[in-house]
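The questions below ask what each label for a part of a protein rests on. Each answer sets a value beside a definition.

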Amino acid sequence: MIEIKGVTKYFKEKKQTIAAVQDIHVTIAQGEIVGLLGENGAGKTTLLRMLSTVLEPSEGNMFIHGINIHKQPDKIKQRIGVLFGGETGLYDRLTARENLAYFAKFYGMSKHETKIRVEELAKRFGMKDYLDRRVGGFSKGMRQKVAIARTILHNPDVILFDEPTTGLDITSANMFRELIKSLQREGKTIIFSSHIMEEVEMLCQSIIMIHKGKMIYQGTNEQLYKEEESTDLNYIFMSRIVRGLNMIWHIYKKELIDCLRDRKTIIFSVLIPILLNVGIIFFADKMMARDQTDSMSVAVTKNSDASVIDWLKNDDNIKVIESKNPLSAVEQGKALAALKIPGDFSSEMRNMKSPEVTVYIDSSSMNSGATADYIQNILNKHREAIVNKRLGQLNVTSQTIAPFNVVEKGVSKEDDGSLTMIAMFAPMIIIMGVLGGILPSANDIFAGEKERKTMEALLMSPVKRTQLLVGKWLTISTFGIISGLLSTLAFVLSVRYLTTVLNNALQLKGHFTTFIFSFLVSLTLLALLGAMVLCILSLLASSVKEAQSYTSQIMMVAILPYFLLMGKSVHELQPSGFLLPIYNVFALMKQLLYGVYDMQSLAYTIGSLSVCTVVLFTIGYTMFTKSRWVLGKG
């Protein structure tokens, strides 16, 4: 009986400590044949070397027939036989017989006993023709036979074979397998590693699987076949290794690296959204600051009334341009607005007439309209001053014609329009950043793989389609989250350091933790939802170009809630609106920017996005199990 209890073996390589075997627990019954499976470097040879007493475990204990291997190694060596693959341990200048006799002496065998045993083994392995030839001239297969004979020469109770059929021809390999069966009939306990799955299936009653030093299975063949619902040991072995690798992370990491190495993904997912966002911020800030900073040019005729011209020239923001044809100046872009002022304007006012001043604008220009509004404000102030002067001359107070005043104030904190502008642009910038981040990678990961014919190779590997789908979906979502966060960062930095008017409106003090939590949760869920939508669309497409035509339409649909919310205040938002996916993210971000922290709104948003994502994932998974959607047109 063999017992391995919590065995770990560390090796120091340069300045690193590597665990070749980690926390192995195994019990092997007397007379059992156990197959040791694992890829190169998994720890099989290290485990066998510890059982052979050559290596000592760093942690744990090993027992054979109740004897601690490393406390009483001499007792154990008499009862075990060991053969390591590729290491025959034979002396080239000695004959095969001399090699066997040399090792027989170590085990206390007499000359007569050795002679009989050597002849028996030579007959069993077909070595009689070269038993008395020097080993140095042997082929690899001949050396291997001698090494196997040396291993069982002393009739051990426990035999350890590390890839024993390496180098043997078909006849010799079959002979070895018959030897294993005969040794089992004699009650020997055998552990052997092999890469030949048919050999393990044929000879072993139980199996130990090791991957990267960790045991991933120990049990009988029948139990393993039942668990895996398969009798294909090669497939089962590969499947178990895949699970040991944490396949979703493996796929996710590969897809992430693949996308990051694609310049188009970086440019379209990250750089372009950031540049667009900065441009939008500059545009918004320019709109807010235009009235204070831009010079407004007004064209007038040379013979215009001097009093009106003086009113305009006294304002620092107005630039008066004299022109023979003011309307033509506006049309040619030399002025933003034109004034038509009667030549006898002042005399008509003195005669209590109402002369007419006409303001001409370019209706297609926002700057022209703003200039006209500014001019009308100047003229209205002077008109009110004249009216008040005339009322005073008639001993009539202004209250007589204005019995009450109407004052408009906001119900929220004072806002000069800057916060409104931020609340208008910020959600669009952030959400478009998320969607822009997921679009290139989604098209490439599904439709691109179909187009490049690499998807079929994935489906033939021993990995579940669920793992493939989740790994790819999380990669796409990650790009959405990264792009959304970078867009947000670019937005905040642009407002803080590159704007004049909007800077004071962006204040997140007091509820910063709540703001960040709500923002990150909604951003992540939006990325997961959007990524799955694009996964489905990419599965529907047979090429990247076709996928792009589908996804471009979705981008337009996703922005519709922005326009629906544009004219609404945070106080007009109804709880039911937060049950609508995408719309609720726009609404929640608007609330957060206005300092409204409603846990019900957040809960509704999280719930609806989660439910929608689950439903879409089910649809996407169903499609991913169908070859027509995964492989495309064959």
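Q: Among contacts in the protein between residues at least 6 apart in sequence, what share joins residues at least 24 apart?
A: The share is 69%. Contact here means heavy atoms within 4.5 Å.

Q: What kind of model do these values come from?
A: This is a predicted model, in which local features need pLDDT of at least 70 and side-chain atom pairs count only at pLDDT 80 or more, while totals for chains, interfaces and linings use all residues. Residues are numbered from 1 along each chain as its sequence is written, and side-chain values use heavy atoms, with hydrogens and water left out.

Q: How many helices and strands are there in the protein, and what counts as one?
A: The protein has 24 helices and 14 strands. Both are DSSP runs, numbered from the N terminus: helices are H or I with at least four residues, and strands are E with at least two.

Q: Why does Ala149 count as buried?
A: Its relative accessibility is 0%, so Ala149 counts as buried. Ala149 is part of helix α5 (residues 140–152). Leaving aside neighbours within four places in sequence, Ala149 is in contact with Leu100, Leu121, Phe125 and Met127. Ala149 and Ala96 are 53 residues apart in sequence, and their C-alpha atoms are 9.8 Å apart in space.

Q: What share of the residues in the protein is buried?
A: Buried residues make up 48% of the 634 residues.

Q: How do you know that strands β7 and β8 pair?
A: Two strands pair if DSSP finds at least two bridges between them. Strand β7 (residues 158–162) and strand β8 (residues 189–193) have five bridges, in the parallel sense, so they pair by that rule. One example is Leu160, whose bridge partner in β8 is Ile191.

Q: In what order do six strands form an open sheet?
A: The order is β6-β7-β8-β3-β9-β10, and the pairing is mixed. The parallel sense is found between β6 and β7, over four bridges, with Phe161 in β7 as the bridge partner of Leu83. The antiparallel sense is found between β9 and β10, which six bridges join; there Ile207 stands opposite Gly219 in β10.

Q: What lies between β9 and β10 in their hairpin?
A: Two residues lie between them, and Lys212 in the turn has a positive phi of about 50 degrees.

Q: Which strands does helix α6 lie across?
A: Helix α6 (residues 170–185) lies across β3, β7 and β8, at about 155 degrees to β7. Axes are lines fitted to C-alpha atoms, for helices over the stretch in contact, and angles run from 0 to 180 degrees between N-to-C directions.

Q: In what order does an open sheet of four strands run?
A: The order is β2-β1-β4-β5, with antiparallel pairing. Its edge strands are β2 (16–28) and β5 (67–68), each of which pairs on one side only. Nine bridges join strand β1 (residues 2–13) to β2, and Ile4 has Val26 as its bridge partner in β2. Helix α1 lies across β1, β2 and β4 (59–64), at about 115 degrees to β1.

Q: At what angle do helices α20 and α21 pack?
A: Helix α20 (residues 512–540) and helix α21 (residues 544–565) pack at an angle of about 145 degrees, with their axes 8 Å apart. On the α20 side, Val533, Leu534, Leu537, Ser538 and Leu540 make the contact; on the α21 side, Glu546, Ala547, Tyr550, Thr551 and Ile554 do.

How values were computed. Buried < 20%, exposed > 50% of the residue type's maximum accessible area, 1.4 Å probe, protein only.
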